[in-house]
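Hello,

Here is the structure I promised to pass on. Please open it first, then read my notes below.

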Amino acid sequence: MANSSSCIFCQIAAEQLPAEIVRIDDEFVAFRDVSPRAKTHVLVIPRSHVEHLDDFLADGGSSDRMLAFVRATAAEVGVEGQYRLVTNVGEAAGQVVPHLHWHILAGQRLPGFG
Ligand code: AMP
Ligand code: ZN
């Protein structure tokens with residue numbers, strides 16, 4: 001899908017909306033979450049608009065390249081080997097921004113799910 005002018009993450013990817021970008025290439029962008037839920041909280045998005053992970057994969061998106069970018073981002077912000085990776089798929093799962101994003105949460109001991 002073409003980038004949507006009404007989508008805030010498309011605007012960040014196009015560098016039309018300010019964000020603290022930590023890594024960028026021709027397919028993905030990583031930037032600091034504006035409301036961090038951990039000492040380190042970075043979001044990774046594809047530059048092209050896609051609503052969530054299921055649609056990304058259905059459209060033939062490369063999970064290999066995306067996860068390689070996630071891993072490089074974790075290294076870039078100094079949390080390699082010690083981070084939580086979360087993506088919310090759909091409103092019921094807590095997705096608020098309808099543009100695929102991975103949360104990289106790190107920099108502190110995180111509570112378990114148990
Ligand atoms: P989710 O609930 O998975 O859709 O997460 C959306 C995330 O986007 C939240 O953690 C927000 O704090 C974050 N967020 C929303 N607007 C911005 C923005 N302009 N810059 C950086 N992060 C944002
Ligand atoms: Zn978008």
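**Pockets and cores**

Helix H1 gives the most to the lining of the largest pocket, with three residues. Helices (H or I, at least four residues) and strands (E, at least two) are DSSP runs, numbered from the N terminus. A pocket is an open set of points on a 1 Å grid over the protein atoms alone, where a 1.4 Å probe fits, with protein on both sides within 12 Å along at least five of seven lines; lining residues have an atom within 4 Å of a point.

This is a predicted model: local features need pLDDT of at least 70, side-chain atom pairs count only at pLDDT 80 or more, and totals for chains, interfaces and linings use all residues. Residues are numbered from 1 along each chain as its sequence is written, chains are lettered from A and ligands numbered from 1 in the order written, and side-chain values use heavy atoms, without hydrogens and water.

H1 (8-13), E2 (28-32), E3 (40-46) and E5 (102-106) each supply at least two lining residues of the largest pocket.

Now the largest nonpolar core. Such a core is a set of buried Ala, Val, Leu, Ile, Met, Phe, Trp, Tyr and Cys residues joined through side-chain atoms within 4.5 Å; buried means under 20% relative accessible area (1.4 Å probe, protein chains only). This one has 18 residues, and Val44 is among those with the most contacts inside it. Two or more residues each come from E2, E3, H2 (53-58), H3 (63-76) and E5. H3 gives the most, with four.

A second, separate core has 10 residues, including Cys7 and Ile45.

Best wishes

Conventions. Buried < 20%, exposed > 50% of the residue type's maximum accessible area, 1.4 Å probe, protein only.
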